[in-house]
Amino acid sequence: MEFGPYLMLAMLEGAVTAAVLALTAVGLSLVFGVMRVVNVAHGEFFMLGAVLAWWVASHVGGPPALGFIAALAIAPLAVGGLAALADMTILKRVNYDPERTIVATIGILYILQQLTLMTYGPEARPVEPPFNTRLALPWFEWGEGGFQLYWPWGLGTTSYKLFVIGAAAAVLVGVWVLMARTRIGLLMRATQLDREMALAFGIPVERVYAMVFGIGGALAALGAVLIVPIQQAHYLMGGDPLLLSFIVVIIGGLGSLPGTVAAAVLIGLSDGIISVFFSPTLAKILATLLVALVLVFRPQGLFGTGSK
Amino acid sequence: MSDRSKTFALHGGVLALLFALQFVLPAYHHGNLARIMVLASFAVGYNVMFGYTGLLSLGHALFFAAGMYGMGLAVHYGGAGPVVALLAGLVAAIAVSLLVGLLALRTAGVGFMIVTLMFAQAGYLTVLYFTTYTRGDEGLVLQQAQRMLGSLDLSQPGPRYFAALGLFAVCMLAVLWMVRAPFGKVLIAIRENEERARMLGYDVFRYKLAAVVISGTICGLAGAAYGLLFGYVGATFASVQYSIFPLLWVLLGGAGTVLGPFIGALFMFYLIDLSSSVTSAYMLVAGVALVLLTLFAPQGLVGELRERVWRWLP
Amino acid sequence: MSLLSTRGLSKSFAGLQAVQGVDFDLPEGEVRALIGPNGAGKTTFVGLLCGRIAPTSGQVFFDVRDISHLPAHKRIGLGMAYTFQITSVFARLSLFENVALAARRRLHGTAEVEAAVMDALGKVGLTEDPERAAGDLSYGHQRLLEIAMGLVQAPRLLILDEPTQGLSDAEIAGFKGLIRELAASTTILLIEHNMSVVMEVADRVTVLNFGEVLAEGTPEEMHANADVQAAYLGTG
């Protein structure tokens, strides 16, 4: 394949990554924005979503689509519930102190990860996508007859991948609607802006926190359910999404949702492109250094306002 | 007995006990304790930053690995003897901690934790990237011949234990001296109320930077020693696990106490040792310990002891 | 001879002008009170002086030297001592250690430090059980501890931000005596709301209102000044 089509392929793959990354990162960003805490266990919520999806799908018989839909409904809810529980039992008790929360969530990370290892095991297991037709994509060239389309061999995507992109976009719109247009979203934004005032107005801040933490985990799990038919479910799969979500949230500006989505698209696409053309390890090195340097020199990220 | 005498008696006593134990311990525990003492030195170094200065780093594996690889590469490619190799590891650790300090100290709190984590991750990935030199996850094995200090064979349990004890003694006594000296007291002041310390005329940035470099150097020395004494240099030691461990050891033992890091390392080592014979998911223990400590005993074992009984403990 | 002076010192926070073009001169050896209604910019002004806050424009001079770009810790090193408006001590450390930390920047050697610490604690009346944790003290006593921390530095300029707030009448009387004693060797700038303290200890008074100098003069002159009265009581 020539450069042009190759680049387009990389971008398409990157778009899928970006879609799932956007969902996961928005979960992390929401938690940080409203609760002002960093959840290091976020990647494990992602992993749990994938593992639960496998479990549900393997227990629901019939066509793969049925198992997938069941997983899509059950996994995010279960993980969200677990996250809310973790908030109420642990995070609340450390008073959401930033440093103690990070240490506690590191502990939660290991607990979730290792329990999964003990029950699910160290293997990677696949989940069948509900549908997966190959779609060949055209590329253009200037021939003798002028502008012409042709179908390079190897340039294509699948209907499922397009679905992932669309589904993620739909959910993100839903989250935006929730935050901007509903009463619950209003409560969350009020708590984010001024916790003391929210308390004074009788807003049940602790319940809002539990809900936000739950939604954050659920979004990560949802992203994982979408990606698991493409990747496989493995107990260590939380590490990369965690790192990438961190990168996205920090570059996009901690607490800024539009910034997060924009950064996710940027990072997802470039990660895809860099990984295709260069070594993935090098891409990761550059990404981690980028996060560190952005935090050091421009802590408000590229889109965020105010320092944190 | 004055506080000063009590302090020296206790810490001297611990070292004397460790010295005596090498003659009575069975082989398995003998090797473990040597390992623990080197890891405790790592923890002591971490404690300088976390316990005494109040800087929570999530990237200390970078310093440990810098020392380890500085030493390992010097031996493997440079044919250096143990002393020169240790020095190489030391220089590497100083350089890395200076660089990290200058950059990371521009952030604070959560930002600092993330920045240190990111630098350590970048370090780990760099070790993997240059796998042709570092052999990545597989690591470098140091031959017995390379670990001879004159006629002393550091790969043998006897000299190895002695060297580990020597390292731990030096690190622990250095920190003990430091925290009782004016310099250490300023670090504690910075931890307690940074703004107040600044407004008393102390250059807070310089003190923090010194803390980072001292911490990184001790941890790097521990890393170099670990590789030398146990004959193996590998990428695992640069991974995030080895950034979490010192935090865990210090939290468990007692942050801001001199003996805490050793107690924490000792306990955690055996806790994980016991659980790894039962399951491959032994890090579960680490996770549970972290949660319980953060929730119920942020002072750690020696910290609680100091709070309730022995107020003079440094 | 002006120990401390400012020229055109200003600070605005996102559109809010906290301090506007203040020209200020404090001669060496004087006790100056800085008064004004709440929100007048007194604490901001003093923050600009000691370097906690960076100015939007203007200059600060200490002993002829332009210190406008010096960081706070260096200004303290030149001989300024500062006590916080909201008491800020090392709560978990002992009284002794609190003052010792302040002393050690200047003094070396355990014996010398100990002597200076006990002397300073004596001057504020806190010699009982110096190993107590500072956080265990009453609010008023913590303020006295902060003053001791300022004293032990033997500063050329002592800046006190509302030092008598939270003190009992007896403690305030003691404080007045302390200031009179210190005035012989130290230049003192204090932000105060307690008028009896101002009238009794201050040589001169500067009145700030809305970030600008409204009036300056002896305590008696300020007491009689109609503008000052209006600023405090409001007009109509």
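Q: What counts as buried, exposed or partly exposed here?
A: A residue is buried if 20 or more other C-beta atoms lie within 10 Å of its own, exposed if 12 or fewer, and partly exposed in between, with C-beta atoms placed from the backbone.

Q: Is Ala297(B) buried or exposed, or in between?
A: Ala297(B) is partly exposed, because 14 other C-beta atoms lie within 10 Å. This is a predicted model, where local features need pLDDT of at least 70, side-chain atom pairs count only at pLDDT 80 or more, and totals for chains, interfaces and linings use all residues. Residues are numbered from 1 along each chain as its sequence is written, and chains are lettered from A and ligands numbered from 1 in the order in which they are written.

Q: Where is Ala297(B) found?
A: In the loop between H13 and helix H14 (300–308) of chain B. Helices (H or I, at least four residues) and strands (E, at least two) are DSSP runs, numbered from the N terminus.

Q: What separates Ala297(B) from Tyr282(B)?
A: They are 15 residues apart along the chain, and their C-alpha atoms are separated by 22 Å.

Q: Now chain B as a whole. How many helices and strands?
A: Chain B has 14 helices and four strands. Of its 314 residues, 55% are buried.

Q: Which residues of H8(B) are buried?
A: In helix H8 (residues 182–192) of chain B, Val186(B), Leu187(B), Ile188(B), Ala189(B), Ile190(B) and Arg191(B) are buried. Their cover includes helix H2 (27–52), helix H9 (194–198) and helix H10 (204–230) of chain B, together with H3 of chain C.

Q: Switching to the interfaces. Which chains have the most contacts?
A: Two pairs of chains touch, and the most contacts are between chains A and B. A contact means that the C-beta atoms of two residues, placed from the backbone, lie within 7 Å. Chain A and chain C do not touch, and their nearest C-alpha atoms are 12 Å apart.

Q: How many residues are in contact between A and B?
A: 32 residues of chain B are in contact with 33 residues of chain A. On the chain B side, H5(B) gives the most, with 14 residues. By class, that side has 22 nonpolar, nine polar and one charged residues. Ala, Val, Leu, Ile, Met, Phe, Trp, Tyr, Cys and Pro count as nonpolar, Asp, Glu, Lys and Arg as charged, and the others, Gly among them, as polar.

Q: At what angle do H4(A) and H5(B) pack?
A: Helix H4 (residues 98–119) of chain A and helix H5 (residues 109–129) of chain B pack at about 35 degrees, with axes 9 Å apart. Axes are lines fitted to C-alpha atoms, for helices over the stretch in contact, and angles run from 0 to 180 degrees between N-to-C directions.

Q: Which residues meet there?
A: Pro98(A), Glu99(A) and Ile102(A) meet Gly109(B), Val110(B) and Met113(B).
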